[in-house]
Amino acid sequence: MPPRLTVAIPFEYQEKWVGGVYYVRNLLKGLALLPDGARPSVIVIGDDAAGLDYLRRETGLGDLRRVASAAIRKVAARSNIPFRYRPAPGDIPIDVLLVGSPMGFEARAVQWIPDFQEERLPQFFSAAELKARRQRNRKWLTLHRHIMVSSQDVRSDLERFYPGFDGRVHILNFASFPEVYPAPPEIAALRQKYALPERYFICNNQLWQHKNHATILRALREIPSDKAPPVVFTGKEHDYRDRGYAASVRTLAVELGVADHVHFLGF
């Protein structure tokens with residue numbers, strides 16, 4: 001039997017980008033489904049003890065270990081360490097890093113690129129942020145042997161905007177683990193808490209400008225008022241690029257005359 005792989009994942013619990021939190025959580029839940037002989041040992045890199053507790057609780061991987069970022073940086077000083085390397089005495093025997101890597105670990109890391117929204121929607125970024133994201137992407141693509149993306153669509157964008165790097169790109173689709181539905185009495189209590197009808201449409205996007213909530217509101221306006229369905233918006237209401245965006249969505253609902261059909265629940 002081949003030796004058990006040790007996989008490391010940098011992680012800090014950050015609600016400001018909860019999509020990244022869920023991505024790591026579900027990736028680890030996927031690893032937890034592997035049989036014992038195939039499941040790797042997992043190390044969480046970070047300085048957030050609460051983040052480790054969160055991952056243990058949410059993934060069922062009770063044997064997760066955490067290594068401080070400073071310890072990783074010390075090992076990374078010996079750059080270009082290959083995959084499946086023989087650890088030095090006292091070293092941290094990491095075979096591969098997933099999602100991202102501290103500087104110096106690129107040679108044995110698989111870097112995740114979530115998307116290329118700065119290329120698709122450049123109007124939502126400042127010139128400085130556009131430049132920074134493009135420099136970051138080129139650095140990632142140049143230094144890492146392997147890149148992972150979450151869909152064929154992102155891979156196609158990578159080939160379009162960064163030609164010449166696509167040979168090392170791997171698609172790892174999102175893992176989804178739907179929650180167990182509450183019992184009917186609990187659902188009824190939740191509907192009462194949030195003043196929701198029995199049936200409605202739900203939009204689970206953060207209230208960020210590139211999510212384009214206005215399209216839903218304008219669609220509601222096209223439906224006669226007595227037939228328009230209720231729509232529930234959830235998600236964090238802070239967009240660092242446009243701090244007034246959430247308020248503008250509410251204002252637009254009033255201006256379009258559809259405010260009675262929408263509910264904003266926050267995160």
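Author: Let us begin with a definition: helices and strands are DSSP runs, a helix having at least four residues and a strand at least two, and they are numbered from the N terminus. The model before us is predicted. Its protein chain has 9 helices and 10 strands.

Reader: What does the C-alpha trace of the protein chain span along its principal axes? How many of the residues are buried?

Author: The C-alpha trace spans about 70 × 45 × 30 Å along the principal axes. Of the 267 residues in the protein chain, 42% are buried. As for contacts between residues at least 6 apart in sequence, 66% of them join residues at least 24 apart.

Reader: How should I read a sheet, and in what order do the 7 strands of the open sheet stand?

Author: The strands of a sheet pair through backbone hydrogen bonds, and the pairing is either parallel or antiparallel. Here, 7 strands make up an open sheet with parallel pairing, in the order β3-β2-β1-β4-β5-β6-β7. At its edges stand β3 (65–67) and β7 (169–171), each of which pairs on one side only. From one strand to the next, the twist averages 30°.

Reader: Which strands does β2 pair with, and by how many bridges?

Author: Strand β1 (residues 6–10) runs parallel to β2 and is joined to it by 5 bridges. Within that pairing, P10 has I45 in β2 as its bridge partner. Strands β2 and β3 also pair in the parallel sense, over 3 bridges, and V44 stands opposite R66 in β3.

Reader: How are the side chains of a strand arranged, and which residues lie on each side of β2?

Author: In a regular strand, the side chains alternate between the two faces of the sheet. In β2, S41, I43 and I45 lie on one side, while V42 and V44 lie on the other, and all are buried. Strand β2 (residues 41–45) is thus described as mostly covered, with 5 of its 5 residues buried.

Reader: Which strands does helix α1 lie across?

Author: Helix α1 lies across β1, β2, β4 (96–99), β5 (109–112) and β6 (146–149). Its direction runs at about 130° to β4.

Reader: Is the pairing of strands β8, β9 and β10 parallel or antiparallel?

Author: Those 3 strands form an open sheet with parallel pairing, in the order β8-β9-β10. The edge strands, each pairing on one side only, are β8 (201–203) and β10 (262–266). The twist here averages 20° from one strand to the next. Strand β9 (residues 231–234) runs parallel to β10, with 4 bridges joining them, and F233 stands opposite F264 in β10. Helix α8 (residues 213–221) packs on this sheet and touches β8, β9 and β10, its direction making about 170° with that of β9.

Reader: At what angle do α8 and α9 pack?

Author: Helix α8 and helix α9 (residues 245–255) pack at an angle of about 10°, and their axes are 10 Å apart. That makes α8 roughly parallel to α9. Residues H213, A214, L217 and R218 in α8 meet Y245, V249, L252 and A253 in α9. By class, 6 nonpolar, 1 polar and 1 charged residues form the contact.

Reader: What should I know about phi, and what are its values near V99 and A195?

Author: Most residues other than glycine have a negative phi. V99, however, has a positive phi near 80°. This residue is found in strand β4, and V99 counts as buried because its relative accessibility is 12%. For A195, phi is also positive, near 55°. A195 is found in the loop between α7 (184–193) and β8, and A195 is exposed, with a relative accessible area of 56%.

Technical notes. Residues are numbered from 1 along each chain as its sequence is written. Side-chain values use heavy atoms; hydrogens and water are left out. Two strands pair if DSSP finds at least two bridges between them. Axes are lines fitted to C-alpha atoms, for helices over the stretch in contact, and angles run from 0 to 180 degrees between N-to-C directions. Contact means heavy atoms within 4.5 Å. Buried means under 20% relative accessible area, exposed over 50%, partly exposed in between (1.4 Å probe, protein chains only). Angles under 35 degrees count as roughly parallel, over 145 as roughly antiparallel, 65 to 115 as roughly perpendicular and the rest as oblique. Ala, Val, Leu, Ile, Met, Phe, Trp, Tyr, Cys and Pro count as nonpolar, Asp, Glu, Lys and Arg as charged, and the others, Gly among them, as polar.
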